[in-house]
Every structure is written in C-alpha cells, then in structure tokens.
Amino acid sequence: MSVRVAVAGASGYAGGELLRLLLAHPGVEIGALTGNTNAGQRLGSLQPHLLPLAERVLEPTTADVLAGHDVVFLALPHGQSAAVAEQLGEEVLVIDMGADFRLEDAADWEAFYGSPHAGTWPYGMPELPGARAALEGSRRVAVPGCYPTAVSLALFPAYAAGLAEPEAVIVAASGTSGAGKAAKPHLLGSEVMGSMSPYGVGGGHRHTPEMIQNLSAAAGGRVSVSFTPTLAPMPRGILATCTAKARTGVTAASLRAAYEKAFADEPFVHLLPEGQWPTTAAVLGSNAVQVQVAYDAAAGRIIVISVIDNLTKGTAGGAVQSMNIALGLDETTGLTTIGVAP
Ligand SMILES: NC(=O)C1=CN([C@@H]2O[C@H](COP(=O)(O)OP(=O)(O)OC[C@H]3O[C@@H](n4cnc5c(N)ncnc54)[C@H](OP(=O)(O)O)[C@@H]3O)[C@@H](O)[C@H]2O)C=CC1
Ligand SMILES: CC(=O)N[C@@H](CCC(=O)OP(=O)(O)O)C(=O)O
C-alpha cells in the first residue's frame with residue numbers, strides 16, 4: 001500500500017531534498033509538485049539531480065492542485081503555510097517544513113516573526129521526551145528548524161537528567177543552503193567562499209525561542225539560551241557547539257551515562273566513542289545526528305557538540321521521519337544513516 005504525496009515548494013532546497021528522500025521511500029507515490037515563480041517549469045531544469053522526476057512540470061501552489069493527496073508537505077517560506085493548510089481537509093496529513101506552527105507562545109512568534117501566530121502543531125522531533133506519542137496518528141506536523149534540531153538533540157539529555165544549569169551558550173556553524181535558494185547578496189560565492197561570518201548576534205535569531213521551548217520542556221523549568229549562528233563556506237551541514245554550567249556533583253562519567261541512556265534506542269542519534277569528534281562531512285545526505293559530550297572540569301561546564309545535515313535531519317529527513325510515525329510506518333522507512341564521503 002502506498003500513500004499519495006504532494007510537495008508544495010518543490011523548486012526550493014527543502015522541497016528538493018524531500019523529493020530525493022521520497023524517491024527512495026517504498027511507501028509513497030509522488031503526486032502534485034508545486035512552485036511559485038517557477039510554476040510551469042520542468043522540475044529537471046530546477047532540480048537536475050532528481051532524474052526520475054525530470055519531466056514533471058511544477059503547478060501553482062493552490063488548494064485545488066494539492067487536493068486528493070493523503071499527505072501534503074509544505075516547503076514554503078515562513079508565513080505562507082497557514083493559508084494553504086487551512087484549505088486542506090482534516091483527514092489529510094499536512095507536514096509544514098516552515099516555522100509557522102512550531103512555537104507554543106504567540107508572543108514569541110510575533111516578536112521573532114512579526115506576524116500573527118497561526119497556531120501550534122505536534123512538533124516533529126521524535127527524540128524529545130513525549131514527542132513520538134504526540135506524532136502517532138496526528139494529521140498535522142510542525143517540522144523543527146535546522147539549528148533547533150542540532151541544538152535540542154545535543155542538550156536535552158543534560159537537562160532531562162538534571163545535570164545542567166538553566167543557561168545554555170551555543171555557537172553553531174551552518175552551510176549556506178540553510179538560507180534557501182532565493183538569491184541573497186551576503187550569499188554571493190565571492191562573499192562566502194574562504195570566510196566564516198556571524199549573523200543574528202545578540203539574541204535576535206528566530207530559532208532562539210524554539211530552542212528555549214525545547215530545552216525548557218526537557219528541564220521542567222525555563223532555560224535561557226544565548227545563541228550565535230555563523231555561516232560557513234560549505235553547501236550543507238551544521239556543527240553546533242553547546243555548553244552549559246554543570247550542576248554540583250556532575251562527573252564526566254555521569255554525563256556520559258546520561259547521554260548513553262538517552263540515545264540507546266534512537267535509530268538516528270549516535271553518541272560517538274570517547275575521543276572522537278563530530279564532523280559535518282560524516283552526516284552529509286544522511287538523517288543521522290552525531291554527538292559527542294565532554295565535561296570541562298576546570299571550567300565546570302558541559303560541552304556537547306552535534307552535527308547534522310541541515311537539509312536532511314534538519315528538515316526533509318525530519319519531515320519524513322515524522323510522516324512515518326504519523327502514518328504508523330516504521331520510523332526509519334526511506335531514511336539512511338549512511339553519509340557521503342569524502
Ligand atoms: N534550507 C534549509 O536548510 C531549511 C529550510 N527549512 C524551511 O523550509 C522552507 C523552504 O525553505 P527553502 O527550501 O530553504 O527555501 P527556498 O527559497 O529554496 O524555496 C522556497 C520554495 O517556496 C516557494 N515559494 C516562495 N514563495 C512562495 C509563495 N508566496 N507561495 C508559494 N510558494 C512559494 C518557492 O517557489 P519558486 O521557486 O517557484 O518561486 C520554492 O519552491 C522554509 O520555511 C524554511 O524555513 C527548514 C529547515 C531547514
Ligand atoms: C544559514 C542560514 O541562513 N540558515 C537559516 C536557518 C535555516 C532554516 O531553514 O531555518 P528555518 O527552518 O526556520 O527556516 C537562518 O539562519 O535563517
């Protein structure tokens with residue numbers, strides 16, 4: 001049995017990665033593919049790596065085009081999903097890869113996104129405590145942001161186990177595909193190649209409230225987050241360096257034990273052997289998250305480093321993982337932990 005799937009935003013980076021994964025998924029049939037300015041174009045002219053779909057023509061993103069599918073993925077810019085989603089039936093599984101339905105607090109949404117809050121859907125990060133139960137059978141899923149995926153999976157075990165003080169400091173580097181396909185002056189090759197640059201410094205990045213939401217839920221109380229993103233000269237990948245002051249009594253052994261326990265049954269999150277550090281190259285094209293944890297005894301701080309592919313586990317892979325759970329399929333169907341190297 002296969003489900004019929006539509007992808008809105010098929011001309012973008014997130015939509016393209018989603019289609020790459022769906023083409024390898026045994027339980028889906030790919031239906032409508034839509035775009036905006038590229039409606040009417042052959043997919044092959046926009047996403048030449050998706051050869052089996054090269055002759056498909058993008059349709060406009062309308063409710064009529066998206067009707068008649070079991071699953072609709074929305075890989076649209078922030079703020080565009082709600083109007084589309086409300087025209088789709090309640091029986092349709094709608095998976096929003098944008099930010100519109102991630103935040104629980106309407107004031108946070110308005111402060112960081114500057115528009116009215118559309119609502120909150122079950123959050124598609126199955127590894128967080130209680131998340132799988134909320135996704136099972138759901139017909140609406142909010143796929144997490146890419147930085148919050150890397151950061152929340154790195155730090156939630158320390159907070160859930162009561163090992164960290166509620167003040168996290170995070171510096172993360174992202175590849176340029178995180179900014180989407182639309183041309184942006186600061187993403188010109190001549191500006192990006194051979195240089196790293198910070199942005200959104202000082203608490204302004206819109207992923208900060210999403211990280212606070214996830215870590216506070218794990219801690220059972222408010223966690224403050226200081227988050228500094230940086231742009232790295234690579235197309236894909238996120239490396240997040242996350243630190244927090246350790247609570248009294250924490251040792252390297254108790255810290256490692258908490259992480260071993262948290263990830264023991266996770267198909268996609270891997271705690272690396274002691275002494276091995278995560279690299280973005282190891283997870284390219286894979287839905288894996290690689291994590292290493294260390295205790296800096298002199299500074300009294302917990303340090304967790306995680307890597308993901310921002311387009312795979314950071315969006316499209318996370319979306320497919322959540323779809324599998326919502327539909328009652330094996331969570332790993334169509335997904336791989338095998339990367340591309342070198
Ligand atoms: N890139 C990443 O690493 C991640 C992206 N995401 C999220 O996925 C979503 C898509 O991002 P990404 O693929 O990077 O962006 P892109 O700019 O690469 O793609 C945007 C897509 O949306 C379509 N689109 C643009 N404006 C509209 C509109 N007004 N109505 C309907 N469709 C529209 C575009 O169509 P056309 O090309 O035809 O104009 C294109 O298909 C965003 O919400 C983003 O936050 C989430 C996590 C990570
Ligand atoms: C490198 C880069 O620019 N990254 C993007 C975030 C990536 C992303 O897609 O996040 P959403 O899912 O919330 O859109 C940024 O910092 O805005």
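Helices here are DSSP runs of H or I with at least four residues, and they are numbered from the N terminus. With that settled, I can start on the structure. This is a predicted model.

I will begin with the division of the chain. The protein splits into domain 1, residues 3-144 + 313-327, and domain 2, residues 147-310. Taken over C-alpha atoms, the centres of domain 1 and domain 2 are separated by 24 Å. Where the two meet, 20 residues of domain 1 are in contact with 25 residues of domain 2. On the domain 1 side of that contact, α5 and α11 are the elements that give two or more residues. The largest share of that side comes from α11, with six residues. By class, the domain 1 side has nine nonpolar, six polar and five charged residues.

There is also a record to mention for this part of the chain. An unreviewed UniProt entry has the annotation "domain: Semialdehyde dehydrogenase NAD-binding" over residues 4-136. In the model, that span is 27% helix and 17% strand, and its end C-alpha atoms lie 19 Å apart.

Now the ligands, starting with ligand 1. Its shell has 30 residues, and the closest are Gly12, Gly35, Gly98, Gly180 and Lys181. Which helices each supply at least two residues of this shell? They are α1, residues 13-22, and α11, residues 312-327. Of the elements, α1 gives the most, with three residues. By class, the shell around ligand 1 has 19 polar residues, ten nonpolar and one charged.

Why does ligand 1 lie between domain 1 and domain 2? Both domains give residues to the shell around ligand 1, so the ligand lies between them.

Ligand 2 has a shell made up of Ala99, Gly145, Cys146, Ser174, Gly178, Ala179, Pro229 and Leu231. By class, five of these are nonpolar, three are polar and none is charged.

The unreviewed UniProt entry places the feature "active site" at Cys146. In the model, cysteine 146 is found in helix α7. Is cysteine 146 buried or exposed? The cut-off for buried is 20 or more other C-beta atoms within 10 Å. Cysteine 146 has 27 within that distance, so it is buried. Leaving aside neighbours within four places in sequence, cysteine 146 is in contact with Ser174, Gly178, Ile238, Asn310, Gly314 and Thr315. Ser174 and Gly178 are also among the residues around ligand 2.

Next, the nonpolar cores. The largest one has 50 residues. Those touching the most other members are Ala150, Val151, Leu155, Leu215, Ile238 and Ala240. Helix α7, residues 146-160, gives the most to this core, with ten residues. A second, separate core has 49 residues, including Val7, Tyr13, Leu18 and Val71. Going back to the largest core, take alanine 150 as an example. Apart from neighbours within four places in sequence, alanine 150 is in contact with Ala172, Ile238, Ala240, Ser306 and Ile308.

I will go through two loop residues as well. Glutamate 104 lies in the loop between β5, residues 93-96, and α5, residues 106-113. It has 15 other C-beta atoms within 10 Å, so glutamate 104 is partly exposed. Leaving aside neighbours within four places in sequence, its contacts are Thr120 and Gln213. Glutamate 104 and glutamine 213 are 109 residues apart along the chain, and their C-alpha atoms are separated by 7.9 Å.

The other loop residue is leucine 272, in the loop between β11, residues 269-271, and β12, residues 289-296. Leucine 272 counts as partly exposed because it has 16 C-beta neighbours inside 10 Å. Not counting residues up to four places away in sequence, leucine 272 touches Pro278, Gln290, Val291 and Gln292. For valine 291, the separation from leucine 272 is 19 residues in sequence and 6.0 Å in space, C-alpha to C-alpha.

The last item is a peptide bond. Most peptide bonds are trans. The one from alanine 341 to proline 342 is cis, with omega near -5 degrees. Proline 342 is found in the segment after α11.

How values were computed: Residues numbered from 1 in each chain as written. Chains lettered and ligands numbered in written order. Predicted model: local features only at pLDDT ≥ 70, side-chain atom pairs only at ≥ 80, totals over all residues. Near = placed C-beta within 6 Å. Nonpolar A, V, L, I, M, F, W, Y, C, P; charged D, E, K, R; others polar. Domains from an automatic or database assignment. Core = buried A, V, L, I, M, F, W, Y, C linked by C-beta atoms within 7 Å. Buried ≥ 20, exposed ≤ 12 C-beta atoms within 10 Å, placed from the backbone. Contact = placed C-beta atoms within 7 Å. UniProt positions renumbered as here; feature names shortened; annotations may be inferred.
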